[in-house]
Amino acid sequence: MPNTSELQNISSQVRRDIVRMVHAVQSGHPGGSLGCADYLTALYFKIMDIKPNAFTQEGLNEDVFFLSNGHISPVFYSVLARSGYFPVSELSTFRKLNSRLQGHPTTHEGLPGVRIATGSLGQGLSVACGMAEAKKLNGDDHIVYVTVGDGELQEGQNWEAIMYAGHRKLNNIIVAVDYNKQQIDGNVIDIMSFTELRKKFEAFSWQVLEMNGNDMQDILDTNAKAQSMRSEGKPIVILMRTEMGFGVDFMMGSHEWHGIAPNDEQLARALNQLPETLGDY
Amino acid sequence: MQALAILGNNDTRSGFGAGLLEAGQQDSRVVALCADLTGSLKMDAFKKSFPDRFFQMGIAEANMMGVAAGLATAGKIPFTGTFANFSTGRVYDQIRQSIAYSGKNVKICASHAGVTLGEDGATHQILEDIGLMKMLPGMVVINPCDFNQTKAATIAIAKYDGPCYLRFGRPKVPIFTAPDQEFIIGKAVTIYEGADVSIFCTGHLVWKSIQAAQALSEKGISAEVINIHTIKPLDEKAVLDSARKTRCVVTAEEHMYNGGLGDSISQLLSRNLPTPVEYVGVNDTFGESGTPDQLMAKYHLDVADVVAAAEKAISRKS
């Protein structure tokens with residue numbers, strides 16, 4: 001089991017994968033992918049109890065993860081490959097014709113590690129609730145992890161699911177809101193602000209934690225706390241402050257890099273800031 | 001022409017409720033979700049027998065479709081229940097992405113389809129649902145004709161691995177198909193063999209078409225009546241064989257022309273066997289409040305409309 005600094009090394013490689021994948025096809029979403037690289041690395045290499053070499057859709061007797069904000073597929077694909085769901089070399093097919101690595105994640109092409117198609121926003125949390133219900137029916141005490149974007153919370157279906165999970169006391173769900181405060185058209189607070197996110201979740205009978213999603217030790221500590229809170233019998237949400245583009249200085253802190261790719265020179269600058277730790281694909 | 005025996009009178013939604021209970025007894029993976037319409041969908045018996053496998057979703061259909069997709073991912077066989085309008089148009093993107101594109105084994109069960117919903121009016125009378133669902137790759141679309149067939153279809157889709165749309169209705173209608181019949185998805189059922197015109201019908205229009213065939217018989221016209229309970233996948237052989245024999249076709253459904261059974265049959269015939277087709281259906285208009293019988297008459301979905309369409313189709317034969 002990797003320690004904190006080893007996890008940081010993995011997330012550096014994940015970030016290299018992200019910028020190289022997006023650069024190679026000159027499309028994709030690097031900003032949110034880089035922001036969530038630490039959390040997904042921690043989930044797949046330390047936190048979750050998973051079986052990468054024996055993937056099943058059902059995920060019985062293991063933890064499962066749903067990426068509701070499917071546009072950050074580069075980070076998802078990188079951690080899946082790096083943790084053993086499919087060959088790392090396949091990352092080179094991202095967004096290309098006949099690839100299993102579609103622009104947004106899908107089960108349609110049979111990519112191991114993916115259990116639902118996402119991309120049209122707002123749907124992942126509902127699916128996670130269904131998986132959580134099935135785990136309870138099956139007497140399986142494993143956890144369903146979900147990430148949703150903060151801008152994504154503007155989609156009303158999320159609030160149906162949040163109401164449902166609270167009502168049903170789904171204490172086997174841990175949601176991380178990627179709270180980077182940016183969306184395509186600018187700052188979330190300017191586009192369609194949702195104030196008092198903590199109070200909103202609490203009003204729907206959720207337990208709320210906050211963490212710095214770009215601090216590996218805080219991620220591990222907060223997750224341990226989340227696990228200990230399951231006995232309260234309520235779903236858990238972590239308001240995960242991240243910085244869009246984290247790890248690449250010129251991409252950080254701006255929505256400009258939500259959905260555009262670096263050019264050759266920008267790729268070189270980015271890779272200079274990200275040590276190669278596991279070998280590039 | 002032999003009249004069909006009427007075995008009783010009941011609504012197709014009750015057939016769904018009976019089938020759901022039996023499917024639940026046969027397979028513990030079957031679970032049911034309902035968006036605050038348990039009584040209307042006749043899901044009470046399942047709820048009572050399997051309280052831990054019944055999920056009350058509240059008035060939140062988008063979430064219901066997603067939760068169903070999650071349950072299916074985990075290997076359950078979820079049946080969702082609400083009115084046809086809220087089962088399709090309201091949640092189209094949820095079905096498209098989380099169920100159809102994701103290949104989830106979810107059974108979308110839709111009651112109160114068409115104008116026979118009656119007095120609630122056009123807000124609740126969807127006439128576009130078959131089209132919406134059949135456009136989704138991989139989606140099976142079934143519209144059974146009476147209580148017995150709806151029950152059998154419900155049991156059959158539980159055993160089929162893949163997304164299905166099952167459409168049924170509110171009013172009590174005659175029961176004329178066999179109890180405990182075998183329901184084969186995608187296999188049309190010939191009710192009357194005939195020589196002069198083929199009537200391909202689905203749902204509530206099957207009984208109307210049977211009555212129409214009897215009226216046509218009295219005029220010396222021999223109508224073939226084929227119940228297309230599965231609109232997708234369409235039983236292409238049954239349609240082509242019949243059309244080849246009679247050389248003219250009527251389609252009959254409680255649905256828009258656009259996107260309905262008539263559309264599917266016309267597409268098949270135009271590619272393989274160009275044949276005159278007359279449509280009994282609703283032509284690009286919304287419904288309104290009224291009793292089911294009044295609405296079926298006003299919107300030209302009645303026995304007389306099938307008869308007139310058959311006569312016109314025959315007159316167009318080359």
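Mentor: Happy to! First, a word on terms: helices and strands here are DSSP runs, helices being H or I with at least four residues and strands E with at least two, both numbered from the N terminus. This is a predicted model, in which local features need a pLDDT of at least 70 and side-chain atom pairs count only at pLDDT 80 or more, while totals for chains, interfaces and linings use all residues. Residues are numbered from 1 along each chain as its sequence is written, and chains are lettered from A, with ligands numbered from 1, in the order in which they are written.

Let us begin with the setting. Chain A holds ten helices and seven strands, and its C-alpha trace spans about 50 × 45 × 35 Å along the principal axes. Among contacts in chain A with a separation of 6 or more, 75% join residues 24 or more positions apart; a contact means backbone-placed C-beta atoms within 7 Å.

Which residues of α6(A) are buried? They are Q157(A), N158(A), E160(A), A161(A), I162(A), Y164(A) and A165(A). These buried residues pack against α5 (124-137), β2, β3 (173-179) and α8 (197-203) of chain A, and also against α3 of chain B. Just after the helix, K169(A) takes a positive phi of about 55°.

Now follow some of those partners. I173(A) is, with I199(B) and A310(B), one of the residues that touch the most other members of the largest nonpolar core, which has 186 residues. Such a core is a set of buried Ala, Val, Leu, Ile, Met, Phe, Trp, Tyr and Cys residues joined through C-beta atoms within 7 Å. Helix α3(B) provides the largest share of this core, eight residues.

In β2 (residues 144-149) sits G149(A). G149(A) counts as buried because it has 28 C-beta neighbours inside 10 Å. Beyond four places in sequence, G149(A) touches G32(A), N69(A) and D178(A). G149(A) also lies 11 Å from G124(A), C-alpha to C-alpha, at 25 residues apart in sequence.

Two loops of chain A deserve a glance too. E196(A), in the loop between α7 (188-192) and α8, has a positive phi near 55° although not a glycine. E196(A) is exposed, with 9 other C-beta atoms within 10 Å. N98(A), in the loop between α4 (73-82) and α5, has a positive phi of about 70° and is not a glycine either. N98(A) is exposed, since 6 other C-beta atoms lie within 10 Å.

Finally, the partner chain. In all, 25 residues of chain A are in contact with 22 residues of chain B. On the chain B side, α3 (61-73) and α5 (92-101) each supply at least two residues, and α3(B) gives the most, with nine. That side of chain B has nine nonpolar, ten polar and three charged residues; nonpolar covers Ala, Val, Leu, Ile, Met, Phe, Trp, Tyr, Cys and Pro, charged covers Asp, Glu, Lys and Arg, and the others, Gly among them, are polar. As for confidence, chain B averages a pLDDT of 98, with 100% of residues at 70 or above; pLDDT is the predictor's confidence in each residue, from 0 to 100. For the complex, the predictor gives an ipTM of 0.97 and a pTM of 0.97.

Terms used
Two residues are in contact if their C-beta atoms, placed from the backbone, lie within 7 Å. A residue is buried if 20 or more other C-beta atoms lie within 10 Å of its own, exposed if 12 or fewer, and partly exposed in between; C-beta atoms are placed from the backbone.
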